[in-house]
Amino acid sequence: MRSFALTDHPAFSTTASPYFPEHVIFTGKVSDFVIPEHRCHHGLIYSLGGTFSFTLHGLTRTLDENKFLIVNGNSTFGLHVGSPVAQPMMLYFQSRTPALSLGSDAADWNLTERIYPVTDVFKERIHVLASLPDSCSSFITMKADAVIRSILFEILSFNQYASNESMKLDVRKVSTRQENYKRLAVVREWIEDNFNRTLTLDELAGIAAMNHQHFLRLFHKVFHKTPHQYIIDRRITEAKQLLLDPGMVVADVCLAIGWDSLSTFSQLFKQRTGQTPGEYRKASGGDHILE
């Protein structure tokens, strides 16, 4: 494994994926720093500190220490760190890593590109890896390889779940089924990041690069609810957390999750929880909080 400063990240080609003879890490504390969009390599992107934004296939999102992003070879990726300081970590896997040759098509090791939650074990492994010195010693090399294998194992377990989920799609061709699921996963992540604003069917279907009816049918097939229902459920989940905040009145919670109408919020909240927001707050030990 080799480690480099993030500022030494090369300007990869926009037409071809780079080749790495060994595992490579780029990391460092930076601010007001940009890596232009380029063709990246199989790997993961993580924050060792702070929050930064990235662009993947034209969509811009953010990443912090509680999540990591999986990227595939040949994907179009860019990174932007504003202010304050953040510490991105870009781990690219050795091109000849055995895991990259799994499956019937050894040249097509494609993971589901999405943001994944960071487990405590995963975070520990990443920080151990980042703390290893850039050394040619056999001990450091063996330790780095062992940590990276464990990280790959966890990533592949995430991907196996995604593969199982894609089986819900009634598409015979494997590559088409997986591609459709990846597009739906991108839309779901977009909803997770933007549930508190107005999201139209046109916007979501456009992100999935599908027509409306095809998108609606496939989304419901995989997630067992329409995009509209998914957005409502996501808002209600967020509302449950915000209602525990003594500094927020119910009307503030309503606005924070994207509704202008307090009556609509209360009605939908009761439909899904069996309680009004005020009743939920009191049952959760928040009866001392002003409504």
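What volume does the largest cavity have? The largest cavity comes to about 30 Å³, and the count gives one cavity of 30 Å³ or more. Here a cavity is a set of points on a 1 Å grid, over the protein atoms alone, where a 1.4 Å probe fits but cannot get out; its volume is the space filled by probe spheres set on those points. Before going on, keep in mind that this is a predicted model, where local features need pLDDT of at least 70, side-chain atom pairs count only at pLDDT 80 or more, and totals for chains, interfaces and linings use all residues. Residues are numbered from 1 along each chain as its sequence is written, and side-chain values use heavy atoms, with hydrogens and water left out.

Around the largest cavity sit M1, P133, S135, I140, T141 and A144, each with an atom within 4 Å of a point. That lining splits into four nonpolar, two polar and no charged residues. For the classes, Ala, Val, Leu, Ile, Met, Phe, Trp, Tyr, Cys and Pro are nonpolar, Asp, Glu, Lys and Arg are charged, and the others, Gly among them, are polar.

Now for the helices, which are DSSP runs (H or I, at least four residues) numbered from the N terminus. Two packed helices are described by the angle between their axes and the distance between the axes. The axes are lines fitted to C-alpha atoms over the stretch in contact, with angles from 0 to 180 degrees between N-to-C directions.

Start with α3 (residues 174-194) and α4 (residues 201-208): their axes lie 8 Å apart at an angle of about 140 degrees. The two are therefore oblique to each other, meaning neither under 35 degrees (roughly parallel), over 145 (roughly antiparallel) nor 65 to 115 (roughly perpendicular). On the α3 side the contact (heavy atoms within 4.5 Å) uses R183, V186, V187, W190 and I191, and on the α4 side E203, L204, I207 and A208. Seven of these residues are nonpolar, none polar and two charged.

α3 also meets α6 (residues 227-242), with axes that come within 10 Å and cross at roughly 40 degrees. This pair is therefore oblique too. R188, I191 and E192 of α3 touch Y230, I231 and R234 of α6, a contact of three nonpolar, no polar and three charged residues.

Finally, follow α4 to α5 (residues 212-223), where the axes come within 9 Å and cross at roughly 80 degrees. That makes α4 roughly perpendicular to α5. L201, D202, L204, A205 and A208 of α4 meet H212, F215 and L216 of α5.

How values were computed. 1 Å grid on protein atoms, 1.4 Å probe; cavity = no way out; pocket = protein on both sides within 12 Å on 5 of 7 lines; lining within 4 Å.
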